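Q: Before we go through this model together, could you show me how to read its features one at a time?

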Protein chains: 2
Amino acid sequence: MKKATAFAPASVANVAVGFDTLGYANAAWGDRVTAVRTSALGVKVVSITDFSGKPLPFDLPKDHLKNTAAVGVASLLEHTQADFGLELTIEKGIALGSGLGGSAASAVAGVFAANALLPSPLKKIELLKFCLAGEKVASGAAHADNVAPSLMGGLTLVESLEPLVIQTLPLPKIWTLSLREHVEVKTEQARAILKKEMTLQESVIAQARMGAFVTGCFKNDLATLARVMKDDVIEPQRCHLIPHFLELKKAALAGGALCFSISGSGPAVFAWFDSKLSAAKVQDELADVLTKKRIAFDSAIGEIDRNGAKLV
Amino acid sequence: MKKATAFAPASVANVAVGFDTLGYANAAWGDRVTAVRTSALGVKVVSITDFSGKPLPFDLPKDHLKNTAAVGVASLLEHTQADFGLELTIEKGIALGSGLGGSAASAVAGVFAANALLPSPLKKIELLKFCLAGEKVASGAAHADNVAPSLMGGLTLVESLEPLVIQTLPLPKIWTLSLREHVEVKTEQARAILKKEMTLQESVIAQARMGAFVTGCFKNDLATLARVMKDDVIEPQRCHLIPHFLELKKAALAGGALCFSISGSGPAVFAWFDSKLSAAKVQDELADVLTKKRIAFDSAIGEIDRNGAKLV
């Protein structure tokens, strides 16, 4: 094979109860990367466009030392001592600074496509560290809560970064609503505003909720999920970055959402529902709120994506 | 019925990964309470002894406003508008300040015995709040991480205190070793020395470990449990209260323990093993360490108790 194209889904990180650890794959959005073998060594980004080949409304670096896909792919080629190089064509379906794991998805799609061109491709889970190396150039620090679900699919928990261990949780039977206002929140900024400390009591509550959340996933116990999918620490510090967040949240919970919180560092938000109908109703209500305020957005209803990265 | 006797097991709280939330029942020790109906209203503590009827080597209040069993029983009688009183005979198998949930076990045994004498006894789980009311007078604050496992048996997670919600986790197939040096650690003191804040990073690690711990319990995945049953925050602040803690821990882990940490606020410690043989070997090794240092102790090997409180 000389050429491979991979799709990697967007991802919702943090998931209200697992800051920097939980994430799930959301295939309503995603990035696509085509890798073409070259005899020259090294990785080169040929183009970055949207899915229709048009220029993006935001700037992403093509520099092979700054582009998340290129850095991830280069680390894979180096590890496997590949005797060839790759040219990458990147198609972005995830906007910059949307809180939907766009930098992670590009890295994952790139690494997954490149892996298909290796003489002895690695297993999916073995690709995680190369995806993480790519993600790191975008976020400044290694966080696997987006790359893990984008690569593996499903709902993942980053047990630890050193060593890198991921747990894949059973999926509760829920419908997701994701909504992204067309404003940009810089991840670094959203991280910089966070207090570096929390009280012991806050941490105890967060730990208990995490434990109950995992229990709820294993038991498909939606009542438990609804009780514990709350974030008293991170969300209040960040929600002012998202116009009308509290109004949207109130409407979603009143409409039957099991939970409503920020996707990653925002501005995307997510809600879980026990039925598609409730999700659709709330989707309409939130659309009304934002339309009246003349804020552009897009939203999607779906199930948690089980596939993660795939060749297309 | 005019008279009922209940046994409530000791409990190991915190369990390395769940400060103030996780606990499991340990029937190697326990308290026994006999309740006898009286026509006079109110609750009276008649005697507090060891299991052979001998005086205790430590002081516990018989005052009905300060004794955990009496307070718990009184709250149950008040709630059910009982038209009788109770005399309580308390037999302690759990030493004061041992970190094995002695105050909780007395409250649980008392409430469980009293419940059996009601015209319409409540369900076990409904007794939790009365046990908690009793425990509160001993510890100053309501913590359910001892009363929940002592009452319900098994491995419990206090999802929240307000409202009081308990999750019972599946039991991994492990053997437990518990060891108690004969020194007293006052719970209030062990709590007072704790820093009131932790870093966001410490909390993220603790949350991830809790999530992976629950996953490990559901999957009976002992390798995961061994990786994550660690406490970098509370244990280092408290372990100096327990003579030779680090030496014991080193020996236990070298001997194959999956984990080793403090039971509650100590001085009791616990370890988990994948076989009874490993547990027995480590029990001998720890005994050697403490015998050489002329420190009195007792220890027990067993499985997590599934029953919790029971009539005897």
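A: Let us begin with helix H1 of chain B, which is mostly covered, since 10 of its 12 residues are buried; a residue is called buried if 20 or more other C-beta atoms, placed from the backbone, lie within 10 Å of its own. Helices are DSSP runs of H or I with at least four residues, strands are runs of E with at least two, and both are numbered from the N terminus. This is a predicted model, in which local features need pLDDT of at least 70, side-chain atom pairs count only at pLDDT 80 or more, and totals for chains, interfaces and linings use all residues. Residues are numbered from 1 along each chain as its sequence is written, while chains are lettered from A and ligands numbered from 1 in the order in which they are written.

Q: Which elements do the buried residues of H1(B) pack against?
A: Contact requires C-beta atoms, placed from the backbone, within 7 Å. The buried residues, among them Val71(B) and Leu76(B), pack against strands E2 (22-38), E3 (43-49) and E4 (85-92) and helices H2 (102-116) and H3 (128-139) of chain B.

Q: What phi does Gln81(B) take?
A: Just after H1(B), Gln81(B) takes a positive phi of about 50°.

Q: How should I read a sheet, and in which order do the strands of the open sheet in chain A run?
A: Strands of a sheet pair through backbone hydrogen bonds, either parallel or antiparallel. Pairing here requires at least two DSSP bridges, and in chain A four strands form an open, antiparallel sheet in the order E9-E10-E7-E11. Strands E9 (259-262) and E11 (297-302) of chain A stand at the edges with a single partner strand each, so one side of each is left without a neighbour in the sheet.

Notes: Contact = placed C-beta atoms within 7 Å.
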